[in-house]
Amino acid sequence: MSASSLPFLVGTNTVEDQRARWERKRSRTAKELLQTEHKYLEQLDLVLTYFVTILKAKGTLKPAVLETIFGPLESLYSASHVLSLHLEKGNLGPGLENFCQSLDLYGHYAENLELANKTLKEQVRKNKSFRRFKKLQETRPQFQGRELEDLLPLPLQRLHQYKHFFRDLLENTSPDTAEYQKLAKTVKSVCEVSHWVQDIFDKRENSLQLLRVQKLLKGQKTQVLAAGRWYIREGWLLVVPAKGEELKRRMFFLFSDILIAAKPCHPLHLLNSNKLSCQAVYPLHQCQVDKVFGHTWSQGGLLSLSFPHKTLLLMSSNQQEIDDWYRSLTAVVRWASRFHRWRRTGHRSDHWTCVRL
């Protein structure tokens with residue numbers, strides 16, 4: 001064998017070795033996907049067999065209530081069952097095509113989950129027959145101590161797992177195969193639905209944060225709950241007065257469009273001892289944020305917030321805290337300014353994506 005042919009052989013072996021590694025990783029991922037799919041189906045089957053099917057037969061819950069609690073769970077089970085059959089036969093391509101057709105079910109399931117949990121709690125509280133039935137079913141050994149509330153989020157947890165499994169399969173599949181294109185399409189579809197679900201959770205969490213802050217503030221004069229408003233952060237900062245007075249410790253709540261300054265109510269107040277009194281609400285679309293000092297790792301820093309008719313100086317002895325506030329304020333002010341200009345053109349605000357920090 002001539003020396004000139006060695007590089008070609010070495011290169012061939014390298015390509016073959018790489019393909020062999022891809023195939024080993026791909027096989028391991030496919031095996032794990034199938035194993036976890038079986039486990040997922042077993043868990044869904046518990047809910048369908050011991051709750052949905054029996055409740056339908058007994059009539060313990062009205063059909064509309066049953067639909068609200070369990071949503072499209074039966075359809076999700078059917079889609080996963082078909083996927084598992086394809087995986088068992090090694091027919092990944094057809095399995096993925098069928099699976100993608102039912103992906104929207106996960107988004108609808110996520111949209112309904114909050115109402116499902118609320119309705120479930122109401123039925124446990126009000127419906128004595130259902131409460132007894134639920135407790136009896138959950139004591140079965142198959143449930144291993146889990147309650148129905150623990151099992152309802154399973155489809156959304158599984159969606160998150162699908163994203164990682166299909167990505168791993170894609171990364172270890174040769175790009176020149178037909179299966180690669182189907183995997184790429186599936187990953188794209190799963191990611192889109194995952195973003196849809198995450199957006200639902202983000203909006204739900206944001207609503208809870210707005211409501212929490214609203215309840216913290218005394219009275220209803222300051223309206224925290226507003227369409228399109230996003231909670232960003234909160235914390236105690238020192239306000240530096242303009243005329244050499246004592247520093248004032250205030251709680252600040254930063255939102256996507258406003259900054260609220262509040263102080264504690266009197267501790268002996270009969271109704272509001274644990275609440276905060278709003279001192280000022282600052283619109284952020286005409287704000288300019290600057291660091292007065294705190295550019296280096298010294299002790300704390302000072303921020304200047306300039307508004308058309310007022311300048312607010314905020315101080316902290318914690319360097320990291322002042323840096324975090326500076327980054328948050330800068331990003332929010334930039335977004336609020338752009339959004340304010342954009343809204344003045346007559347566009348609707350519900351098509352705008354809010355700043356996320």
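This is a predicted model: local features need pLDDT of at least 70, side-chain atom pairs count only at pLDDT 80 or more; totals for chains, interfaces and linings use all residues.
**The chain as a whole**

- Of the 357 residues in the protein chain, 42% are buried.
- The chain exposes about 20900 Å², and carbon and sulfur atoms supply 53% of that area.
- Among contacts in the chain with a separation of 6 or more, 58% are between residues 24 or more positions apart.

**The sheet**

- The 7 strands form an open sheet, and their order is β4-β3-β2-β1-β7-β6-β5. The pairing in this sheet is antiparallel.
- From one strand to the next, the twist averages 35 degrees.

**Strand partners to look for**

- Strand β1 (residues 231-239) pairs with strand β2 (residues 248-255) in the antiparallel sense, over 8 bridges. Within this pairing, Glu234 has Phe253 in β2 as its bridge partner.
- β5 and β6 are also paired in the antiparallel sense, here over 5 bridges. Lys291 stands opposite Leu303 in β6.
- β6 has an antiparallel pairing with strand β7 (residues 310-316) as well, over 7 bridges.
- A hairpin of 2 residues joins β6 to β7.
- Strand β6 (residues 301-307) has 6 of its 7 residues buried, so the rest of the structure largely encloses it.

**A helix across the sheet**

- Which strands does helix α9 (residues 178-216) lie across? Helix α9 lies across β1, β2 and β4. Its direction is at about 35 degrees to β1.

**Helices α3 and α4**

- Helix α3 (residues 73-89) and helix α4 (residues 92-100) have axes that come within 8 Å and cross at roughly 170 degrees. That crossing makes α3 roughly antiparallel to α4.
- On the α3 side, Val82, Leu83, His86 and Leu87 take part in the contact, and they meet Leu92, Pro94, Gly95, Asn98 and Phe99 in α4.
- By type, the residues of this contact divide into 6 nonpolar, 3 polar and no charged.

- In helix α2 (residues 63-70), the buried residues are Val65, Leu66, Thr68, Ile69 and Phe70.
- After α2 comes Gly71, with a positive phi near 55 degrees.
- The axes of α2 and helix α5 (residues 104-126) come within 6 Å and cross at roughly 125 degrees. The two helices are therefore oblique to each other.
- Val65, Glu67, Thr68, Ile69 and Phe70 are the α2 residues that meet α5. Their partners in α5 are Tyr109, Asn112, Leu115, Ala116, Thr119, Leu120 and Gln123.
- The residues of the contact between α2 and α5 divide into 7 nonpolar, 4 polar and 1 charged.

- Gln43 lies in helix α1 (residues 6-58). Is Gln43 buried or exposed? Gln43 is buried, because its relative accessible area is 15%, under the 20% cut-off.
- Gln43 and Gln142 are 99 residues apart along the chain, while their C-alpha atoms are separated by 9.2 Å. Leaving aside neighbours within four places in sequence, Gln43 is in contact with Arg146 and Leu154.
- Val197 lies in helix α9, and at 7% relative accessibility Val197 counts as buried.
- Val197 and Tyr109 are 88 residues apart in sequence, with their C-alpha atoms 8.9 Å apart in space.
- Which residues beyond its neighbours within four places in sequence is Val197 in contact with? Val197 is in contact with Tyr106, Gly107, Ala110, Leu156 and Leu159.

Methods. Residues are numbered from 1 along each chain as its sequence is written. Side-chain values use heavy atoms; hydrogens and water are left out. Axes are lines fitted to C-alpha atoms, for helices over the stretch in contact, and angles run from 0 to 180 degrees between N-to-C directions. Helices (H or I, at least four residues) and strands (E, at least two) are DSSP runs, numbered from the N terminus. Angles under 35 degrees count as roughly parallel, over 145 as roughly antiparallel, 65 to 115 as roughly perpendicular and the rest as oblique. Contact means heavy atoms within 4.5 Å. Ala, Val, Leu, Ile, Met, Phe, Trp, Tyr, Cys and Pro count as nonpolar, Asp, Glu, Lys and Arg as charged, and the others, Gly among them, as polar. Two strands pair if DSSP finds at least two bridges between them. Buried means under 20% relative accessible area, exposed over 50%, partly exposed in between (1.4 Å probe, protein chains only). Accessible areas come from the Shrake-Rupley method with a 1.4 Å probe; for residues, only the protein chains shown count as cover.
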